[in-house]
Amino acid sequence: FLAAMLGFCLTGDLFNLFVFFELMSVSAYVLVGYEVRHRAALEGSLTFAITNTVGSILLLFGIALLYGRTDALNLAQMGEALAARPADGLVIASFALVACGLLVKAAVVPFHLWTADAYAVAPTPVCILLAGAFSELGLYGLVRVYWTVFDGPFGAHAPTLRAILIGAGVLTALVGAVMCASQHHLKRMLAFATIAQVGLFLVGLGLLSRDGLAGAALWIVADGLVKASLFVCVAILQHRFGSVEIADLHGRGRGSWTLGALFVVGALLIASLPPAGPFLGKAIVEEAALTAGAGWLAPLLALVTGIVGGTLLSAGVRIFLGRGARAPRDPAGEDEPDRESGDDRGGLPVLRVTAGLLLAAAIAWPFVPGLLDSTARAAGFFVDRPAYAAAVLRGARPATAGPELHGATVGAYLYAGLSLAIAVGFAAVRARGTVQPPAGVAALRRLHSGRPGDYVTWTVLGAVVLWGLLAIGVG
């Protein structure tokens with residue numbers, strides 16, 4: 001899995017990119033279904049595999065169309081060939097297919113349905129890999145292919161593509177936040193928190209600007225560290241008490257002050273606690289959105305991070321303080337016990353240290369010397385297709401970075417304060433048991449049926465919608 005991830009990031013060949021992503025995916029299917037003695041693990045792995053295989057087929061068809069048009073698979077060569085002419089129906093269809101294949105991996109709505117089923121049954125180390133890297137690599141692949149291959153023919157239609165990507169990101173963030181707030185199973189809750197965060201990252205990437213890309217990259221690294229720490233905390237609870245249902249854990253963590261503090265800090269970091277890494281990445285994305293004339297995105301980011309952080313915070317209050325009404329059992333979260341259940345012996349002190357180190361790394365991330373300058377240089381080169389093609393095909397040295405990347409502004413601290421206020425207020429109300437699910441949440445939950453056939457249908461429907469939007473806006 002890790003070797004395939006590295007190959008996926010380093011390759012400059014589109015077909016090799018597909019092969020490495022498939023190697024990573026197949027490894028992930030096996031790891032998710034590692035507990036083969038339990039039906040739930042096999043069902044989650046099967047759903048994961050079937051849905052993602054459909055995405056892989058779409059991706060492969062898109063690559064075939066591009067190869068037929070350009071007679072090349074090298075990203076730089078393909079970009080040079082396509083830049084010489086405007087986008088036509090074949091180019092639009094190929095981008096739609098490639099994008100859908102990668103968005104399935106990224107768990108963007110409506111391609112996300114496999115995510116919670118896989119996270120709920122995967123061993124904790126696998127959950128860390130999925131939440132911290134797998135989905136984010138789908139987004140990386142999307143922007144990598146766009147900037148190296150499709151930037152030329154789609155350049156004149158950037159506003160349309162920007163609207164489509166930001167719209168998909170906003171929808172994903174809102175659906176993930178609402179579904180996260182409706183969960184009472186910790187692994188499923190973190191799965192939907194991951195989906196919500198993926199939507200926010202897609203918003204930053206969808207701005208199609210250097211600063212949006214840089215902010216999203218910084219945010220992704222810090223958020224991955226935080227989610228990894230939270231999954232480790234969940235693993236400790238599962239080892240000690242044999243469950244990850246909040247109803248079963250209510251008040252049972254009272255004596256675990258260290259673990260409780262780690263969990264609460266993680267929830268606050270998700271809600272953009274300054275001056276940590278998630279706050280810095282979110283601040284740069286907000287500034288990029290303002291520059292692009294989309295200032296309305298900043299309060300939306302605050303709302304989503306506030307709801308997700310507040311949901312996790314309310315879970316911590318119930319588990320570690322025993323306050324508030326007992327949460328109902330999650331009907332979708334009653335999984336078979338696995339080998340992570342047990343007692344408080346063995347490696348749990350090591351796990352606590354690991355969770356603390358991960359949170360410390362997320363907090364210290366903005367203070368890495370030269371971080372903003374190096375990120376600005378990397379992002380500037382990443383979005384410069386002619387410079388990339390010249391470096392790959394003609395051995396030219398990439399140009400130096402453009403304007404500096406600025407850190408958090410006063411407005412960023414105000415929006416962070418709003419996000420934290422939403423999180424604390426939402427957690428306080430939710431802990432008292434007075435929050436009623438919004439209308440339509442029950443229907444939304446029914447869409448996450450666990451049936452692979454339903455998920456494949458939504459995947460195909462999403463591909464058709466994306467192709468239609470591109471055909472209308474670009475064609």
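Q: Is Ser256 to be read as buried or exposed?
A: In this predicted model, Ser256 has a relative accessible area of 8%. Buried means under 20%, so Ser256 counts as buried.

Q: Where is Ser256 found, and with which residues is Ser256 in contact, leaving aside its neighbours within four places in sequence?
A: Ser256 is in the loop between helix H11 (246–249) and helix H12 (257–270). Once neighbours within four places in sequence are left aside, its contacts are Arg240, Phe320 and Arg352.

Q: What describes a pair of aromatic rings?
A: Such a pair is described by the distance of the centres together with the angle of the planes. The structure holds 20 aromatic pairs. One of them joins Phe8 and Phe21, with 4.5 Å centre to centre and 35° between the planes, and this pair is tilted.

Q: Which parts does the pair of Phe8 and Phe21 tie together?
A: Phe8 belongs to helix H1 (residues 2–10) and Phe21 to helix H2 (residues 14–32), so the pair links parts that are 13 residues apart in sequence. Both Phe8 and Phe21 are buried.

Q: How is the pair of Phe279 and Tyr413 to be read?
A: The ring centres of Phe279 and Tyr413 are 4.8 Å apart and the planes are at 50°, so this pair is tilted. Phe279 lies in helix H13 (residues 277–291) and Tyr413 in helix H18 (residues 410–431), so the pair ties together parts that are 134 residues apart in sequence. Phe279 is buried at 4% relative accessibility, whereas Tyr413 is partly exposed at 43%.

Q: Which residues form one aromatic cluster, and the charged end of which residue sits over the ring of Phe21?
A: One aromatic cluster is formed by Phe1, Phe8, Phe21, Tyr29, Phe48, Trp114, Phe134, Tyr140 and Phe382. The charged end of Lys105 sits over the ring of Phe21, 5.4 Å from its centre.

Q: What volume has the largest pocket, and which residues are closest to its centre?
A: The volume of the largest pocket is about 690 Å³. It is lined by 26 residues, of which Tyr140, Ala217, Leu218, Ile220 and Val221 are the closest to its centre. Helix H7 (124–154), helix H10 (210–241) and helix H16 (371–382) each give two or more residues to the lining. The largest share, 10 residues, comes from H10. By class, the lining of this pocket has 21 nonpolar, four polar and one charged residues.

Q: Which residues line the largest cavity?
A: The largest cavity has a volume of about 30 Å³. Its lining consists of Phe95, Leu142, Val143, Tyr146, Leu165 and Leu208. H7 gives the most to this lining, with three residues. By class, there are six nonpolar, no polar and no charged residues.

Q: What holds for phi and for the peptide bond in most cases?
A: Most residues other than glycine have a negative phi, and most peptide bonds are trans. In this structure, phi of Asp71 is near 55°, a positive value. Asp71 is in the loop between helix H3 (39–70) and helix H4 (75–83) and counts as exposed at 66% relative accessibility. Phi of Leu208 is also near 55°. Leu208 lies in the loop between helix H9 (186–206) and H10 and is buried at 12% relative accessibility.

Q: Which residues does a cis peptide bond join?
A: A cis bond joins Pro274 and Pro275, with omega about -5°, and Pro275 is in the loop between H12 and H13. The bond from Val109 to Pro110 is cis too, with omega near 5°. Pro110 lies in the loop between helix H5 (89–106) and helix H6 (114–121).

Terms used. Residues numbered from 1 in each chain as written. Predicted model: local features only at pLDDT ≥ 70, side-chain atom pairs only at ≥ 80, totals over all residues. Heavy atoms only, no water. Phe/Tyr/Trp six-rings, centres within 6.5 Å; stacked < 30°, edge-to-face > 60°. Helix = DSSP H or I, 4+ residues; strand = E, 2+ residues; numbered from the N terminus. Buried < 20%, exposed > 50% of the residue type's maximum accessible area, 1.4 Å probe, protein only. Lys NZ or Arg CZ within 6 Å of the ring centre and 35° of its normal. 1 Å grid on protein atoms, 1.4 Å probe; cavity = no way out; pocket = protein on both sides within 12 Å on 5 of 7 lines; lining within 4 Å. Points joined across faces, edges and corners; volume = space filled by probe spheres on them. Nonpolar A, V, L, I, M, F, W, Y, C, P; charged D, E, K, R; others polar. Contact = heavy atoms within 4.5 Å.
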